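Have the viewer open while you read.

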Amino acid sequence: MRMLMRPSNSDKSQIERYGPYAATYDIKRNRILTIITGAVLPSLQRETVHLPPLDVEMKKFNDRNQFEESLRLFHAYENKSDELPSPRSLAQALKACQRLENFQLGQKIIQKYSSETNLKDYHLLTSIIHLLIQSGDVYNAQRIFDDASHKSPGMYGAMLKGLVKNNLCKKAIDLFFTIPNPNEQMIVFFLNACAKLADKHSLNLAKEVLNKLNSNYKKNQFILCTAADMFLIANEIKSAAEYISKMPKSDIKYRMFMKISNLNNEPEKTFDFYDQMINDGFKPDRIAFLFLINAACRTGLESVCRSIVKKIPQHLLHNFSIQNALLDMWGKAGVINECEKLFQTLIQPDIISFTAMIHSYGLNGMGSQAIKLFHKIPSEILNDRTYVSVLNACSHSGLIVEAREIFRNIPVKHEYAVTAMVDCLSRAFLWNEATTIINEYEHLHTPSLPMYMSLLSGARNQRNSSLSKEIYERIETRFANCKQKLIPAAILLANTYRSSGDLEEATYIKKKLKDERGNKQQGISWTELNGKIYKFGAHDRSHAQALMIFNELQRIREELIQNGYRFDSSSNTRILMNDEDVESILCGHSEKLAIAFHFIQPAKPTMIQIAKNLRICRDCHESTKMICKIRRCTILIRDANRIHHFTPDGLCSCEDYF
């Protein structure tokens, strides 16, 4: 009599891992497991074990993202079964290969089992096309697709997705218009193709398709979301907002509104949408908190940043993308000690972490610390953003020698790195060297407007009107077809004429700009008090306490004059009206209104923080130093370029190099 064999512990683990298939073949030891044997139960010896189809078991693993397990099961079947895998099993194997990006194995499976019979199965054909095109083999994917007598929705979807991935967006768009009754997924891929091109023709095609959608698709959240993203990429903010507003209430809708508010530089709206999301019972995810942090970055206000951090769940505070975003936030708020503390907790900082920390040092005038950290980065992970950040740090701190050395060692000098170096040299009035770098760049590339704007800005700082005119004429020649982009250059030229005393030429340019509707962007400043953000425009009298604010400005003006301060008339960049003088114009700048607002509060401030959308003018910079000295307070102003830390001893962290 034969014994009933008990399965070993190893056998049990196989049974638990691979379910019923472990009763037929042992994957690790390559032998058949016989759990019931012998003559004790002879009827069972002849009983056939009915197993679920292989593709069903593989799909279970694939659905759980256990792709390696799915492939182990497939290979075990290959080794032990006399029958070929079914087309559906092959499709599951190719799916696992594609998700693991093991394209070599996937192509081997295709070559081994590409019989005429299999190539008639549209499930398998879809998987073959998907794997080939995702691996970059567009030619063979297209060949198989074209040869297929019946093209299923899955095949169309695989081709569309793959063409977009391989940046063949025009082909994807052409293919889309051949599809009868495209489904939701195909429409999304089509919109992604249009978004990648983002040209007028593609956007018009997208609008036509969107307008012709049936009522169900017009309400489809994924289509609406993709359409909104497409318009955001194309900088059509109004169209994007229109499609977001059509979406049903959801966390996705609120995230999109937060994103659009940040792009419009309206952080207060981002905070409002976050609060609405919470009030409507939606739980914010990592993406929502990234948008929230980005909004805090835009305010540049420490108190706002601290309130945002308190909202982030503890587990997300250890998320790498959140940590990198917080590094950027603290740097832009001027809170370097928080930046350093967070950076030191990172076990293995990546290039984004290093770049954020270097950028933070640069913004706050700590160029030496930025360079020191830069030299600790492994050379193999350095990228263009890192080079730009460290060169900007050198530029803000006047570290010319160090900048030259870093620039010399950049393997491939892209536009932004060259622009940063030109800016560094222009601030130091090293015109010949800056111009030489631009000329070398233009031997191989089209001219870059930001490089010339850096030159022009430096000439303005030196009050060199003849050089400014020469640079502006060069800009006009090279960018003749970009009239709108010439407006900031013309404003800089006019400001240089005014600062050098040539009021007639400055006035002529300003009047010409006004006639052409090329007015300068209004200066806006943000500040925070008692948890609320306040916004001030230049000469803004819309605030409820406007009368008190302007009375306080008059007191500040008198105090400055009593202490020997002389307003810098060269900082006035606008034409005077009959009832205006230079002092009244300069006292109406947005950051001065924000400062006065704090001084009318019952508790006199010891610390004021302001963020501004434009660069601080020389008069506001000098007067703020004296205000801090007279009123014995600290003021932080983040302008468009950097952060100025003004101290009660009447000094600024930039050491007047800005």
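What follows covers the cores, the holes, the salt bridges and a few individual residues.

This is a predicted model, in which local features need pLDDT of at least 70 and side-chain atom pairs count only at pLDDT 80 or more, while totals for chains, interfaces and linings use all residues. Numbering starts from 1 along each chain as its sequence is written, and side-chain values use heavy atoms, with hydrogens and water left out. Helix labels come from DSSP runs (H or I, at least four residues) numbered from the N terminus.

**Nonpolar cores**

- The largest nonpolar core has 169 residues; a core here is a set of buried Ala, Val, Leu, Ile, Met, Phe, Trp, Tyr and Cys residues joined through side-chain atoms within 4.5 Å.
- "Buried" means under 20% relative accessible area, "exposed" means over 50%, and "partly exposed" is in between (1.4 Å probe, protein chains only).
- The members of that core that touch the most other members are Phe190, Leu191, Leu210, Met230, Leu326, Leu391 and Ile475.
- Take Leu391: setting aside residues up to four places away in sequence, Leu391 touches Ala403, Ile406, Phe407, Ile410, Ala417, Ala420 and Met421 (contact means heavy atoms within 4.5 Å).
- There is also a second, separate core of 33 residues, including Phe536, Cys587, Ile616 and Ile635.

**Cavity and pocket**

- Both come from a 1 Å grid over the protein atoms alone: a cavity is a set of points where a 1.4 Å probe fits but cannot get out, a pocket is an open set with protein on both sides within 12 Å along at least five of seven lines, and lining residues have an atom within 4 Å of a point.
- Grid points are joined across faces, edges and corners, and a volume is the space filled by probe spheres set on the points.
- Searching the whole structure turns up 1 cavity of 30 Å³ or more, and the largest cavity has a volume of about 50 Å³.
- Its lining has 10 residues, with Ile109, Ile110, Tyr113, Leu124 and Ile128 nearest the centre.
- Helices α5 (87-99), α6 (103-113) and α7 (122-134) each give two or more residues to that cavity lining, and α6 has the largest share, 3 residues.
- The cavity lining splits into 8 nonpolar, 2 polar and no charged residues (Ala, Val, Leu, Ile, Met, Phe, Trp, Tyr, Cys and Pro count as nonpolar, Asp, Glu, Lys and Arg as charged, and the others, Gly among them, as polar).
- The second largest pocket has a volume of about 670 Å³, and of its 25 lining residues the closest to the centre are Lys95, His123, Thr126, Ser127 and His130.
- In that pocket lining, α5 gives the most, with 7 residues, and the lining as a whole divides into 8 nonpolar, 11 polar and 6 charged.

**Salt bridges**

- The whole structure has 27 salt bridges, each being a side-chain nitrogen of Lys or Arg within 4 Å of a carboxyl oxygen of Asp or Glu.
- Arg306 and Glu302 pair up at 3.0 Å, N to O; they are separated by about one helical turn because they sit 4 residues apart in helix α19 (residues 302-311).
- Glu302 and Arg306 also belong to a salt-bridge network with Glu338 and Lys341.
- Asp568 and Arg463 meet at 3.3 Å, N to O, and this pair links distant parts of the chain, 105 residues apart.
- Asp568 counts as buried at 17% relative accessibility, whereas Arg463 is partly exposed at 36%.
- Glu583 bridges to Arg557, with the closest N and O atoms 2.7 Å apart; Glu583 is in helix α33 and Arg557 in helix α32, so the pair ties together parts 26 residues apart in sequence.

**Residues to click on**

- Glu591 sits in helix α34 (residues 590-599) and counts as buried because its relative accessibility is 1%.
- Beyond neighbours within four places in sequence, the contacts of Glu591 include Lys612, Ile616 and Cys620.
- Gly588 lies in the loop between α33 (582-587) and α34, is buried at 2% relative accessibility, and has its C-alpha atom 8.4 Å from that of Leu553.
- Lys253, in helix α16 (residues 251-263), is buried with a relative accessible area of 14%.
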